[in-house]
Amino acid sequence: MTRMRDRITGWGFVAPALLWTIAFFVVPFVVMGAMSLATMKGRTLIWGFSFENYAELAEKAYLWRAILVSLEITLTVTVVSVLLAYPLAWIIAFRVPERWRRLALLLSILPFWTSYVVRSYAWLLVLAREGVVNKALIGLGLISEPVTLANTRFATVTGFVHFFVMLLTLTIYANLIQLSPNYRRAAMDLGANALQTFRHVILPLTLPGIVTGAFLTFVLCIGDYVTPQILGGNTELTVPQVIMVQLGRRADFPLASALAIVLMGIVTLAYLASARWLRLDRI
Amino acid sequence: MMRALPWAYLLAAFVFIYLPVGALVLFSFQSGSLPVPPFNGPSLRWYGEILGDADLMEALRNSLFVAFGSSSVAVSLGFLAAYGLARHVLPGSVFARGLLIAPLTVSYLIVGLGLLIVLTRSGLGLSLWTAGIGHVVINLPLAFAIIYASMGAQQQNAERAARDLGANEAQVIGLITVPILLPSIAAAFFLSVTLSWDEFIISFLLTRFDVTLPVEIWSLLRSGLSPRLNAIGSLVFLISITVVLFLEILVFRRRK
C-alpha cells in the first residue's frame, strides 16, 4: 500500500514536466510528421497519406541541391573545426602554465556567448568589402582591390568554424586533461618519439572527445538557419533556408515538414555512423 | 623557433576568436555612420540612439521577460521531475527520462516548426507566450539533466533524517533538498536564461507583433551595416557575459 502511494506521489512530481514535453514537443512532432504526408492543392491543405513531398525532393533540383549544399558545408565545417581546435586544446592543456590554464580556456570560449544573430553580423562587419580584413590586406599591400569575402560560402564556413572551434576546444580539452601523463611517459620510455606517441597513444585515447564534439558540430551546423542566411548571401541555399522559404512566401507547410524529417534522418545517420565512439553522457 | 610555435598558434587563435567581437565593440563607438575602418571616435552617439529607441527597448524588456519567465518554468518542472525520478522507485522511469531528454536531440528549427504548425492549425495566436512555451521545451531537458545529475545519495540521507524527525514531503523539499541543490539549480537557471536570451529561430517563428531582441535585431539587419547594430550587439554581448561570469563565480568557485 505504501509502495502504491509512493508511486503515485512520485508520478505526481514527474507529471508536469512529462505533460509539458508531450503537449509541446511530442504532439507537435507527430503533427509535423503527418503534415509531411499531406499535400497542397493551390493554397488549401489536404491531409492524407501521400509521399508526394518526398518524391518532390528527388525530382526538383533546388531541393536536392540544398541537401547537397548543407552536407558539403557541414562536413567542411566539422573537419576544419576539429583540425583547428585540437592544437588549441592541446596547447592550453599541456603548454600553458597551470595557473593560467583556466583563464586561457575561459578566454578562448568567451565569445561563444555572443548571440547567434549578433555573431554572424559581426563576421559580416569583418568580411565586408570595406571591412577590417580587406582594409588590412590593402594596407599591407597584399591586394590592391578589395576582394569579395562576405555573401559567399567562404563567409558561411568562416562564421560556423569560429563558433565550433570554441565548442570543440572545450570538449577536446576536457578529454586531454583527463589523460594520465603516465601514458605519455610509458610510450616515451618504450622508445616512441613525439609523433609516434601522439599517433599511437594520445590520438586513440582522445578519439571519443573528438567524435563527440564533431557529432555536436554536425548536428548544430546542419540545422542552423541564421549563419548561412546572414553570411551566405542567398547564392546557394541550405536545407534550413529552404524550409524557411516554404514557410514564408509559399506557406507550404507539408513540404517544409518533409524537409525537416529529412534533416532529422541525416542527423540519425550521422549518429549511427559515430555511435561507436560517442560519449554523450560525458558532455 | 619550435618553442615559439605553440605561442604563435595560441596568439593566432585568439586573434581569430576575438576578431568579430573586437570589430563589433570597437565600431560601436564609431562617430561616423559606417561601422568600418577608419575608426573615428570614440563616441557614445549610437548608444544614446539605441537607448532612446522605443522599439529596441521594448524588445529588450520582452527578451528579459521571456528569458526569466521560461527559465523559471523550465527549472521548476525540471527540479520536480528530477526529484520524483531520483527519490521514488517508479516503473517506466527509464522511458520517462528518455522522453524528458528527447527535445535535446532535435534542432531548434524543428521544435519551432512543429509548434508553429500546431499553433496556427488550432487557431491559437502567436505571441511572446508561445515563444516562451518553445523556450521551456528546449531548456527543460537541460535543467532536468543538470539537477538530476547532482541528486546523490548523500542528500538522500539528510532527507531521510528530516523525514524521521517528522518533516512532511513539502518541508523536506523546501528545507533540505532545495538548499542543498541550490548551486546546480542556479546553474540550470542561469544557463537557461542565457540560452533563451540569445535564442532566435523559435522566437522568430512563434512571435508576431511583440518580438524578442534577437528578432528585432534580425529585422534591423535588412538595412545593412550600421553602428546602431554594433551598439545593440555589444550591449547584448555584455549582458550575456555578465550572466556567464556570474554563473562562473557563483557556482564553480564554490565547488573548489
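Biologist: Before we go on, what average pLDDT does chain B have?
Modeller: This is a predicted model, in which local features need pLDDT of at least 70, side-chain atom pairs count only at pLDDT 80 or more, and totals for chains, interfaces and linings use all residues. Residues are numbered from 1 along each chain as its sequence is written, and chains are lettered from A and ligands numbered from 1 in the order in which they are written. The score, pLDDT, is the predictor's confidence in each residue, from 0 to 100. In chain B, 97% of the residues score at least 70, and the average is 87.

Biologist: In which helix of chain B is confidence lowest?
Modeller: The highest mean in chain B belongs to helix α9 (residues 201–206), at 94. At the other end, with a mean of 81, is α11(B).

Biologist: Let's look at where the chains meet. How many residues does chain A bring to the contact?
Modeller: Two residues are in contact if their C-beta atoms, placed from the backbone, lie within 7 Å. Chain B brings 64 residues to the contact, and the number from chain A is 59.

Biologist: Which element gives the most residues to the side of chain B that touches chain A?
Modeller: Elements giving two or more residues to this side include α1 (5–26), α5 (108–121), α6 (128–149) and α11 (227–255) of chain B. The top contributor, with 13 residues, is α1(B).

Biologist: How many residues on that side of chain B are charged?
Modeller: Ala, Val, Leu, Ile, Met, Phe, Trp, Tyr, Cys and Pro count as nonpolar, Asp, Glu, Lys and Arg as charged, and the others, Gly among them, as polar. On the side of chain B that touches chain A, 54 residues are nonpolar and eight polar, while the charged ones number two.

Biologist: How are α5(B) and α6(B) oriented to each other?
Modeller: Axes are lines fitted to C-alpha atoms, for helices over the stretch in contact, and angles run from 0 to 180 degrees between N-to-C directions. The axes of α5(B) and α6(B) come within 11 Å and cross at roughly 135°. Angles under 35 degrees count as roughly parallel, over 145 as roughly antiparallel, 65 to 115 as roughly perpendicular and the rest as oblique. The pair α5(B) and α6(B) is therefore oblique.

Biologist: What is the handedness of the crossing of α5(B) and α6(B)?
Modeller: A crossing is left-handed if the near helix is turned anticlockwise from the far one by less than a right angle, and right-handed if clockwise. The crossing of α5(B) and α6(B) is right-handed.

Biologist: Which residues of α6(B) make the contact with α5(B)?
Modeller: From α5(B) come Tyr108(B), Val111(B), Gly112(B), Leu115(B) and Leu119(B). From α6(B) come Thr130(B), Gly134(B), Val137(B) and Ile138(B).

Biologist: Turning to chain A, how do α2(A) and α12(A) lie to each other?
Modeller: Helix α2 (residues 52–59) and helix α12 (residues 253–274) of chain A have axes that come within 9 Å and cross at roughly 70°. The two helices, α2(A) and α12(A), are therefore roughly perpendicular.

Biologist: Which residues of α12(A) take part in that contact?
Modeller: The partners in α2(A) are Asn53(A), Tyr54(A), Glu56(A) and Leu57(A). Those in α12(A) are Pro254(A), Leu255(A), Ala258(A) and Val262(A).

Biologist: Last one: which residues of chain B does UniProt list as "domain: ABC transmembrane type-1"?
Modeller: UniProt positions are given in the numbering used here, feature names are shortened, and annotations may be inferred rather than shown by experiment. The annotated stretch of chain B is 80% helix and 0% strand, with its end C-alpha atoms 21 Å apart. In UniProt's unreviewed entry, this domain covers residues 60–247.

Conventions
Helices (H or I, at least four residues) and strands (E, at least two) are DSSP runs, numbered from the N terminus.
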